[in-house]
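Dear colleague,

Please find below the sequence and structure that I am handing over to you.

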Amino acid sequence: VIRTIMDQANLQKDLCSVVRLANLNNMALHDQKFELLCYTLRSSESLRELPFTASYYTYETPGGFSLQPADFVKDLGVLLAADGSWKRQIARVSTCATRVANWILGAFKCRSEGVMLTLFKALVRPILEYCSVVWSPTLLGEVSQLEQVQRNFTRRINGLQKLGYWERLSALNLQSLQRRRERYTIIHMWKIYNQLVPNGTSVEFTETTRFGHRAVVPTYNYRAQRAVSTKFEHSFSVRGPILWNTLPKSVKEATTLPQLKVELGRHLKGYPDRPPTRGYAGVNGNSILDYAASRGSSDPQRGVL
């Protein structure tokens with residue numbers, strides 16, 4: 001965290017040390033490929049008093065290349081924005097998936113259910129779901145934006161043109177993209193608990209006799225800015241544990257991934273799947289959390305979002 005001029009100077013020193021160490025090990029880094037992303041809550045008091053504050057957000061490599069703060073940075077195919085939002089990532093994913101879907105519709109004449117679903121699942125859906133555990137949207141407008149891709153594609157399937165989107169999902173035995181993203185989050189939580197993936201967000205679990213493995217929902221400073229607390233509430237660190245705590249004990253205690261998917265699939269079929277869609281009025285946001293809250297949870301430590 002950069003709070004003072006000294007912090008900025010120390011980070012500059014660390015940057016130079018890393019570059020020199022790489023050169024000593026014959027692993028020279030390309031200065032012009034460095035990118036700088038700054039997450040800023042508010043200007044610190046010491047920097048606020050200076051007339052040229054922007055210069056203290058600038059760093060320089062040993063080769064003389066200046067690093068200026070970027071609005072967004074692409075890392076492993078995911079766009080990270082300086083304001084902490086996922087608007088650019090969601091817009092990019094939606095545009096790319098729509099482009100591929102349109103190419104399929106133009107390249108293939110057949111509109112049968114089997115062919116269309118095979119192409120969609122193989123070429124379009126992976127684009128919409130890549131790294132979705134990280135950037136999964138919670139705003140209804142963004143959820144609807146992604147859902148529109150699947151909605152438009154399924155409308156072209158023979159025999160389903162006159163059905164509404166929710167009816168088409170049922171007829172095709174498809175889950176909404178929103179429900180699939182929450183499913184991925186739950187599966188990732190299971191992998192963390194079973195130590196199959198790194199616990200990068202430091203999720204903690206407690207054991208209970210009645211409810212099985214329960215995830216600890218992290219707390220935050222309620223005096224923080226509302227924008228900050230909202231992003232925190234919608235992050236994987238919070239939504240992951242809360243989704244996990246809505247599950248029955250039988251799902252949590254699955255010992256293998258195939259068993260988990262079967263048990264989780266049975267459990268999720270108990271919830272209606274009516275995603276936010278333009279022209280449709282849903283009773284809620286269609287999240288598992290919405291339905292679990294309306295039914296009431298048997299787990300008093302489930303958490304509320």
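The largest pocket has a lining of 44 residues, and W86, T230, K231, H234 and S235 lie nearest its centre. A pocket is an open set of points on a 1 Å grid over the protein atoms alone, where a 1.4 Å probe fits, with protein on both sides within 12 Å along at least five of seven lines; lining residues have an atom within 4 Å of a point. Its space comes to about 1,200 Å³, a volume being the space filled by probe spheres set on the points, joined across faces, edges and corners. The lining comprises 21 nonpolar, 14 polar and 9 charged residues (Ala, Val, Leu, Ile, Met, Phe, Trp, Tyr, Cys and Pro count as nonpolar, Asp, Glu, Lys and Arg as charged, the others, Gly among them, as polar).

This is a predicted model, in which local features need pLDDT of at least 70 and side-chain atom pairs pLDDT 80 or more, while totals for chains, interfaces and linings use all residues. Residues are numbered from 1 along each chain as its sequence is written, and side-chain values use heavy atoms, without hydrogens and water.

The second largest pocket holds about 550 Å³. Of its 19 lining residues, N173, L174, Q175, K269 and D273 are the closest to its centre. By class, this lining has 5 nonpolar, 4 polar and 10 charged residues.
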